[in-house]
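We'll go stop by stop, with a note at each one on what to look for.

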Amino acid sequence: MVGGFEVGAVPYNPDGWGPPDSSDSLVASSNLPLNVPFAPFSRSDRLGRIADWTRTMNNPGRPKTASDSVFDFTNDDSFPANADEDMSFRLVDGKPPPRPKFGPKWRFNQQRTQLPQRRDEEVEARKREAEKERARRDRLYNLNRSNVNAPRREAAVFKSSVEIQPEWNMLDQIPFSTFSKLSFSVPEPEDLLLCGGLEFYDRAYDRITPKNERRLERFKNRNFFKVTTTDDPVIRRLANEDKATVFATDAILSSLMCATRSVYSWDIVVQRVGNKLFFDKRDGSQLDLLPVHETSQEPLPEAKDDINSAYSLSVEAAYINQNFSQQVLVRDGSKVAFDEPNPFANEGEEVASVAYRYRRWKLDDDMYLVARCEVQSVMEVNKQRSFLTLNALNEFDPKYSGVDWRQKLETQRGAVLATELKNNANKLAKWTAQALLASADMMKLGYVSRVHPRDHFNHVILAVVGYKPKDFAAQINLNTSNMWGIVKSIVDLCMKLNEGKYVLVKDPSKPQVRIYEVPADAFENDYVEEPLAEEDQVQPPGEDENGVTVNAGTDDAEEKVDAASQA
């Protein structure tokens, strides 16, 4: 027999609508829980009364709406007991959430759901990069720890610029840390003499870009002179006239001024004659060459015959600078002549465009310094003559610097210059110091690169940029007062020495300089530091391998060259 469905008892309420009160009906009490008032089971269902015909719908002060009916209780205040429930009642709002005033604006709602995932991915990527960096540092740390007893990189790669002889007497050694604290102000210098001749700068080279590069030419017939202080006839004449106490050249002074930025070894010969002091360079000194990647952390090949070794690159950079300084000129025969002709050239000899400014600075009440400063070109700006210095940075292999000039020069020239300031801080500082010493109005920097990374004979000019020396000095943090403070301290130290010959040597492995007392005939018969190979033998003027002549400038120097080649 199939069981039936039992319907519960339905109470009857004779007094009105709805179930009867639990206190009035026993039947109702059997179906409802005790002491629980009637309430809707879902707050989304507005249940209270089914209908109310007792309301007055003809209120003239109340506007009629479409929802006015006996079944509408939305605006009814007859339920004071349910006021709390009405306050907590919420409807699902279909409107989009208001956009924030600040922050990213997402176009689609789907992206809002992807934000947490994307943020998590970025956090995970940063964690992975941090782990890689930490692992790399740990490898370097362990590598350095394993090579504690190994010689330092500087000691293994860099050698002293001059061989220290056992009979030399070391008088003093000065750490670079003392140089950084020095400061000295000098008044404006005065021009004693202006020699040589200058050609005008060609403004067309300012518009060169890597896309319309220019081939670097070779100037075989123009002679360049790298004459030291005591071989300069003008300085000898000024010394006989007691125009000053200290004599030097801009190349020597800039080496002293920027000594704290140097890494490679260099040396300067100091001669104390009577009450006068002469700063000289040796024949074939490192000061005649231009270091490349001196302050870089990436080591260069140690083999001297490698085209990317420090020595090969310095020779290449010297030739590039000479050729560049003559190519960017207007070659129409016009030239600005000065008081005297080039003091080192013979009559009828074709010389490079250069002017020598012999300038005097006051170091003390009874101490003056005279230096020979160079400028390479002249330019007319607002009907006024402006002096220029011309120098070139050279790119040999992008993998060493990490920046490809052909790709970055047009779009990220600042990044290229920042990389050069990191890798060649000393060279750029010396160029800036020389421009300041000569009071040049503008210094032009050329960007010269190899045609191919393995071809060190052919080069192209990619760009030329001009800077004001004072602004560029501030940009590279070159303090003029500190520069002169270093020179003044070295001069005061050397003036206390006895008459004789001394040499100032930068230590190849430590940031310090040493002063040695040397015999009077030192450096007289050693034109080169070591014997040259057959292919590197001294060549006659105008026949060097890169097509640029380097002339000693005096008869004494030429005799030294001949003696060295015969030896």
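First, a word on labels: helices (H or I, at least four residues) and strands (E, at least two) are DSSP runs, numbered from the N terminus. This is a predicted model, so local features need pLDDT of at least 70 and side-chain atom pairs count only at pLDDT 80 or more, while totals for chains, interfaces and linings use all residues. Residues are numbered from 1 along each chain as its sequence is written, and side-chain values use heavy atoms, with hydrogens and water left out.

**Stop 1: the whole thing**

Start with everything shown as a cartoon. The protein has 15 helices and 17 strands. Of its 567 residues, 41% count as buried, where buried means under 20% relative accessible area, exposed means over 50%, and partly exposed is in between (1.4 Å probe, protein chains only). Take the contacts (heavy atoms within 4.5 Å) with a separation of 6 or more: residues 24 or more positions apart account for 73% of them.

**Stop 2: the largest cavity**

Now look inside. How many cavities of 30 Å³ or more does a search of the whole structure find? There are three. A cavity here is a set of points, on a 1 Å grid over the protein atoms alone, where a 1.4 Å probe fits but cannot get out; lining residues have an atom within 4 Å of a point. Grid points are joined across faces, edges and corners, and a volume is the space filled by probe spheres set on the points.

The largest cavity has a volume of about 680 Å³. Select Lys-226, Glu-374, Gln-376, Asn-391 and Gln-434: of the 38 lining residues, these are the closest to its centre. Next, colour the elements that each supply at least two lining residues: E4 (223-225), H7 (250-257), H8 (310-327), E9 (354-364), E10 (367-375), E12 (384-395) and H12 (425-437). H8 gives the largest share, with five residues. By class, the lining has 15 nonpolar, 15 polar and eight charged residues.

**Stop 3**

Select Leu-216, Arg-218, Asn-323, Phe-457 and His-459, the closest to its centre of the 11 lining residues. H8 turns up again here: H8 and strand E14 (455-467) are the elements that give two or more residues to this lining.

**Stop 4: E9 and its partners**

Go back to E9, where nine of the 11 residues are buried. Two strands pair if DSSP finds at least two bridges between them. E2 (residues 190-198) runs antiparallel to E9, joined by seven bridges; pick out Asp-191 and its bridge partner in E9, Arg-359. E10 is also antiparallel to E9, with nine bridges, and Trp-361 stands opposite Leu-369 in E10. E9 and E10 form a hairpin with two residues between them.

**Stop 5: strand E7**

Select residues 276-280. Why is E7 described as largely enclosed by the rest of the structure? Because five of its five residues are buried. In a regular strand the side chains alternate between the two faces of the sheet. Here, Lys-276, Phe-278 and Asp-280 are buried on one side, and Leu-277 and Phe-279 on the other.

E5 (residues 246-249) runs parallel to E7 through two bridges, with Val-246 partnering Leu-277. E6 (residues 267-273) runs antiparallel to E7 through five bridges, with Val-270 partnering Phe-279. In the hairpin of E6 and E7, find Gly-274, which takes a positive phi near 60 degrees.

**Stop 6: an open sheet**

Show E3, E14, E13, E12 and E11: in that order they form an open sheet with mixed pairing. E3 (214-215) and E11 (377-381) are the edge strands, each pairing on one side only. E12 and E13 (residues 442-452) pair in the parallel sense over eight bridges, and Leu-393 stands opposite Tyr-447 in E13.

**Last stop: Ala-425**

Finish in helix H12, at Ala-425. It counts as buried because its relative accessibility is 18%.

How values were computed: 1 Å grid on protein atoms, 1.4 Å probe; cavity = no way out; pocket = protein on both sides within 12 Å on 5 of 7 lines; lining within 4 Å. Nonpolar A, V, L, I, M, F, W, Y, C, P; charged D, E, K, R; others polar.
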